[in-house]
Every structure is written in structure tokens, then in C-alpha cells.
Amino acid sequence: MTDLPRKAITRTAKLAALPLGFAGRATWGLGKRIGGRPAEIVAREVQQRTAEQMFKVLGELKGGAMKLGQAMSVFESALPEEIARPYRAALTKLQEAAPPMPTRTVHAALEERLGPDWPELFQEFEDKPAAAASIGQVHRAVWHDGRAVAVKVQYPGAGEALLSDLNQLSRFARVLGPLVPGLDIKPLIAELRERVAEELDYELEAASQRIHAEEYAQDTEIVVPEVVHQSDQILITEWLEGVPLSEVIADGTQEERDRAGQLLARFLFSGASRTGLLHADPHPGNFRLLTGDAPDGPSEQWKLGVLDFGSVDRLPGGLPEPIGIALRMALEGDAAGVYDLMRGEGFVKPTIELDPDDLLDFLLPMLEPAQVDAFLFDRQWLRSQAARMADRHSPVYELGNQLNLPPAYLLIHRVTLSTIGVLCQLGATVRMRDELEAWVPGFAADPESEGRAEADSAAAAAKETADGAEEEPEAAETSA
């Protein structure tokens, strides 16, 4: 590959080959079974060939295609092992690297954005990229003041490719479903498409990173690199040395896994409270475990490095207080309180009637991490939750399809699920309750704030009931 493919017809042809290729391999598999080969072995071969082609295409195209692949990668833990195994290696590749841009393209972009004398801004510049992702690649360099820096260069035509890919993939969503069983791809693509403009705006990304870097500058556990320079399609930040989270997932000790998992949960919940921004791209390629001068411990000295602030959710008041109150009520067994609060927030539409006890039974298994002092996030637990939600003959599946996901909670929901997926890939034991109590408004009992939240929810429910009399909105599934 020599450059980011920009012609729509070329990219469309490559993407169209995904469902066609899957159909061809399924036919090949059927032929093999008719020929006498065991169905389980044939199915495994079909899955492996599908994984190899799918993520090769998504990685080569970069743009929205690779963005989808990275977003899908964090849900691998939820798949049954016999399906997940052939996908794991291919998914991991998308978390850290993709085929690079030619050197001449990189130099042309730097000259256009930084001026013809751009080499004089650096003491050193490595032409070989250190990392390549969905819309840009990163080069290691030394800034003119001696600081080690990461230079992120946006792919030429990335915006056009991003939109084109996601539009095309949305047309194939139903056919692509079998490629990663158990994952509802269509709403994931829709959410990614809505955030395209922010992903491409390096000025906005620089502003978000500066806010985080300032807030966490004195933090002893979370490290955010400072922004050194930003111009259109070029972002230069301090270089962050550490072990990529994907390597911890693949080869880390249990101590490394536990520490990385705890800090990842801490950053997820503390970020919104401390900065008013929620980091919305929690795939492993965006995190580093910094062991510093103590790679063999003590683990309490290890830190979590956070990269890539191109996608954030703006939450000026932190995470919505009703989330914490609903979680606490559920753990206390207050079915009626949870039901009233969720109805008031729009999770239960005015036209839907549910049994509060059934709703609580639906929620509690997913809240196991908050019911104990420390919880082991592993693939087996996540698979059990995914299987429970995906069983079309189960009352749980029917109830899940009656719930609605309000727009204000869409990104929070996706980020939380993605983070849980990464924690299960890590196999980390995490004190989740500690993080909820420290950072999620409403989780620690506060009668005054609870009363306000219930009153606000009741008022919202009354308004929605009135609105529903005029027009009944379509409910959205929350069980993706």
C-alpha cells in the first residue's frame, strides 16, 4: 500500500468484498461439511479466514473502516471462546498499528502545515512511524528545545474517507453482523459517524488534551502528555514512554493487569468529574502502563498514560447524578425507586409498562462489579452477560428491547461498555466500588441530592407523558 485510498469507488469495492467474502467462505464451509469434515472444524476455519480478511481490509483502508475495527476490538471479550480465538490476533493489530503513509507524503504534509523550513523545528525526526491509527499516524521526534515529542500527521483525504467508509459500512451492517456474532454493529457505526467532525479537528483535540494535561499535571497516578504545537492536521505532543496496554493484555503479569485495570477505571470515572470531559475512545492503543524506574514493582508507583483526545463527551457537570443514584438504589434492592428514576430519565418510555422487580433482576447481574470490594473482570463473566442479553427466548431479551437509550446517555453507555470490555481483556481485579463512590455523583448516599434528582425525574416524566400523547417516539435498544 502506498497511500490512503481516496477514490470512493476503490474503497467501496474493498468494503463490498467483506460480506461477499463471508458468503463465499460460508458456501465453502457448507461444501466441506457435505464432504464429511466435522462442522466444528469447518466453522473454525471459516471464522479464521473471515477474521483475517476483514481486519486486513479495515486496517489497510484506515479511515472509518479502521475506526470501526478498533471500536469493535474492545468487544472481543464478550464472544464465545471458539469464535473469539481466531479474531483476537487480528483485532489486536488494529489497536496499535496500520500500514504507514509513504515518507514523501508525510514530508509534504509537514511542509504544507509547518512551512518549508519544518526540519529546523526538530533536532531529530524519525520517518518511520511509531504508530498508525484510523485518521493519522504518529512519528517520534525531538523538538528544537530538546523535548521528545510525538508528531501526529493526519492522512490526506482522511475526512472524505471517514465519512465514505461509515456510510458504506452502515449499508452493510446487517450483512456484517455475522462477522462478529453478538455485536450490534449498526448503532456503533451511527455513533461513530456523528463524531466525525470532532475526530478530524486537531485544534479541538489539542484543547481537550490541554485541559486534561493541566488537571492531571500533579496527579501521582494518571499522566497526560502536554501539547507542544498544533496546526491544521498536525498535532505535536510530549512523547510518552510506556508499555502499550495491548502488550499488557497479551503478556502482562497479573500485577500489571490489576494496576492497569484499576487506573483505567479511575481515569474513566474521574475524568468527567475533574475536567468536564469524558475520554470517549477507550481502546487499548490509547493507553500506556508507565512503570518508570520500578518495572518490577511496587505496583502502587506505576502510572497510566492516556493518549488521543480526539473523541470526548462534554459533561460540564460530570457524569449525570441520576446514574449514581440509580446504581445505589439498585444495589440496595429499591426496585420501585430505580424504576421511577429510569422512567423519569427516559430509559422507560411513557407508553411502556414494566414490572419494577423484573427491571431490577435485569440490571443486578451487570452490577456485580459494584457489589463487592474487588471484582475480577474476565472474559467468562462478560460472555455470560452477553449470552443472557442475546437469548431471544429469554424474558431478559424482551425486557431489554423495551428499554430506551436517551441521546444524552448514548456515548456514556458506549464508553462504559468499551471500558468493561478492555478490563475483561486485561483479566484485571478492580475495586470498582471505590471509584464509583469517589467520582460518580449520587452513588454515595446524599438525601438532599437524591430528593432533587427524583423531583427532576418526576417533572421530566410528566412532560414526556404529555409529549407522548402527541407523538410516540421510537424506542432504541440498549442491549447492544
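Which residues line the largest cavity? Select His212, Leu264, Phe267, Leu268, Gly271, Leu277, Leu278, His279, Pro282, Phe287, Val415 and Thr419, and you have the lining; lining residues have an atom within 4 Å of a cavity point, a cavity being a set of points on a 1 Å grid over the protein atoms alone where a 1.4 Å probe fits but cannot get out.

Before moving on: this is a predicted model, where local features need pLDDT of at least 70, side-chain atom pairs count only at pLDDT 80 or more, and totals for chains, interfaces and linings use all residues. Numbering runs from 1 along each chain as its sequence is written, and side-chain values use heavy atoms, with hydrogens and water left out.

Back to the hole. Its volume is about 70 Å³, counted as the space filled by probe spheres set on the points. Now color helix H11 (254-275), strand E9 (277-279) and helix H17 (410-426): each supplies at least two lining residues. H11 gives the most, with four. (Helices are DSSP runs of H or I, at least four residues; strands are E, at least two.)

Next, jump to helix H14, residues 356-363. Pick Leu359, Leu360, Phe362 and Leu363, its buried residues (under 20% relative accessible area, 1.4 Å probe, protein chains only). Look down the axis of H14: these residues fall within an arc of 155 degrees, so they line one face of the helix. The arc uses directions from the helix axis to the C-beta atoms.

Then show what that face packs against: helices H12 (321-331), H13 (335-345), H15 (379-390) and H16 (395-402).

Last stop, the start of H14: a side-chain oxygen of Asp355 comes to within 2.7 Å of the backbone nitrogen of Asp357.

Key. 1 Å grid on protein atoms, 1.4 Å probe; cavity = no way out; pocket = protein on both sides within 12 Å on 5 of 7 lines; lining within 4 Å. Buried < 20%, exposed > 50% of the residue type's maximum accessible area, 1.4 Å probe, protein only. Contact = heavy atoms within 4.5 Å. Polar contact = N/O pair within 3.5 Å; in protein donor to acceptor, adjacent residues only side chain to side chain.
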